[in-house]
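Hello,

Here is the structure I said I would pass on. Please open it first, then read my notes below.

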Amino acid sequence: MKRVSRRNASRGARFAVGVAAGFTAGGVAVPGAALGAPGLHAQEMVDLPGEDRSVSPDLELVYAIGSAAAAAGWEEFTSISGIAFDGEGNLYLLDGTRREANARVVVVDQAGRLVDSFGRAGDGPGEFRAATQLVVWEDGQILVEDMMHAGYHVFSPAGEFERMVREGGGGMGFAIARRPNLRPERTGARTLIGRSRRTIQRIDMSSEDVEDRVLVEAWAPVEDDGPRSGDLEDMIREEWGFEPDLLFDALPSGGIAFSDSSAWAVKLTDPSGAVSRILRRPIRPLAVTEEMEREERERRLEAESNRTITQRGNAPPQAVLELIDNMTSLRLEAVEDMQFFPEVPVIAALRATWDGALWVQRSTEPGSDEPGPIDVVAPDGRYLGTLEAGTAALPDMPAAFGPSGLVAFIDTDEFDVPVITVWRLPPAIRLESARPPPAP
């Protein structure tokens, strides 16, 4: 376990030093720490146009499922916490994490017809206690992350429970909490791509215990001051506003696309994790004002105050409740004392389509409810255009990408019941294939 350095009073100063140590080209600064890895000489820099070229999403509706008015009982979803396609275009939904009696995985075909529904709440094998993520490999094998089981349920393509893959870090799933946004590799192996703080890892799920290996050491905008102590006060991470997130997705080639700075810069790796290409657009980050800082602190304080605890069965022991209260107080104190980066990162989200096109969503002004525009780029650096999000044609970044241009969105009806729509992208904004030819 690592802790954030508390020695420096201003992260903004460290950020400025990091940018100065790098280089600026076309108005895009890329931190020197991120470019100091071995193999820098082999990296290709690709500068994309600075002006947007608007393209129409022109999506074709394939089907819609869900809503309170759904004719079939299986379409009465409660909460969707995971969604993914397999290689045949079947859609998988992880539903019911807020209402344990309905915890399940639902599978529908390319026409939106029910194929299978399996899983339920419980303590036994293949039963969910706190299902939090869904991963589907190309052949339809399924993995469900379960925080309270401190592991992962693995199901066959037919929906039959096969085994649990256990994670270290204790019985409350603390190790799992460090692996957000898991992505399946498309190489045929039972491996995932995930992150742990500022590293990207390849995670092997083929045996009974998780095995991981670091592929990418991303740029760290703050110093790491070594292991944390066991004190509760030291377990609460310092809060900083507008920190550049580590965004990533797996590519069909076996490599990774990731962003780790405030600039519009997307780095592409080969399957070994070595950065081979950096795509850049000369779009400058938005400068942070005192008003932005005040509003961001207020938003985070409200979010911390509104945190709720979902419990199963009897109430937690008094000692656990006191621990939770102490952690909440410390988190609120950390937000009150939070410091800020001088710029709002340009990139808000990064996804790779089934064919390997990159969808790079730009941020908007902090506090805005409007999603930012989405730049569509081929991995070789061809700029395919920019899509306007927040419209009826494209409400936001798709929740899942599938084969043959399929994309899925999650919305809710007037009764707050999930509605899932599946659309097909036009050829103009997707690639025929980014998968390399098979080895002879």
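What follows is a short tour of what I found.

Start with confidence. This is a predicted model. The average pLDDT of the chain is 83, and 78% of the residues reach at least 70. Two stretches need caution. Residues 1–41 stay under 50, and the model gives them 97 contacts beyond four places in sequence. Residues 433–440 are also below 50, with eight contacts beyond near neighbours in sequence.

Next, Asp 86. It sits in the loop between strand 6 (80–85) and strand 7 (91–95). Asp 86 is buried, yet it has no salt bridge. The nearest side chain of opposite charge is Arg 186, 10 Å away. So what does the side chain of Asp 86 make a polar contact with? The partner is the side chain of Tyr 92, at 2.8 Å. A polar atom of the Asp 86 side chain also lies 2.9 Å from the backbone nitrogen of Glu 88. Beyond four places in sequence, the contacts of Asp 86 include Trp 137, Trp 354 and Pro 403.

Now the salt bridges. Side chains of opposite charge can pair when their charged atoms come close. The structure holds 25 such bridges.

- Asp 139 and Arg 190 meet at 2.5 Å, N to O. Asp 139 is in the loop between strands 12 and 13, and Arg 190 in the loop between strands 16 and 17, so the pair ties together parts 51 residues apart in sequence. Asp 139 is partly exposed, at 44% relative accessibility.
- Glu 162 bridges to Arg 163, with the closest N and O atoms 3.7 Å apart. Glu 162 is partly exposed at 42%, and Arg 163 is partly exposed at 21%.
- Arg 202 bridges to Glu 185 at 2.8 Å. Arg 202 lies in strand 18 and Glu 185 in the loop between strands 16 and 17, so this pair links parts 17 residues apart in sequence. Arg 202 counts as buried because its relative accessible area is 17%, under the 20% cut-off. Glu 185 is buried too, at 6%.

There is also a network: shared partners join Asp 52, Arg 281, Arg 362 and Asp 375.

Last, two backbone angles. Most residues other than glycine have a negative phi. Ser 67 has a positive one, near 100 degrees. Ser 67 is in the loop between strand 5 (60–66) and strand 6, and is buried at 15% relative accessibility. Phe 242 has a positive phi near 65 degrees. Phe 242 lies in the loop between strand 21 (240–241) and strand 22 (247–250), and is buried at 10%.

Best wishes

Note on methods
Residues are numbered from 1 along each chain as its sequence is written. This is a predicted model: local features need pLDDT of at least 70, side-chain atom pairs count only at pLDDT 80 or more; totals for chains, interfaces and linings use all residues. Side-chain values use heavy atoms; hydrogens and water are left out. Helices (H or I, at least four residues) and strands (E, at least two) are DSSP runs, numbered from the N terminus. Buried means under 20% relative accessible area, exposed over 50%, partly exposed in between (1.4 Å probe, protein chains only). Lys and Arg count as positive and Asp and Glu as negative; His and the chain ends are not counted. A salt bridge is a side-chain nitrogen of Lys or Arg within 4 Å of a carboxyl oxygen of Asp or Glu. A polar contact is a pair of N or O atoms within 3.5 Å; within protein, one must be able to donate a hydrogen and the other to accept it, and residues adjacent in sequence count only if both atoms are side-chain atoms. Contact means heavy atoms within 4.5 Å. pLDDT is the predictor's confidence in each residue, from 0 to 100.
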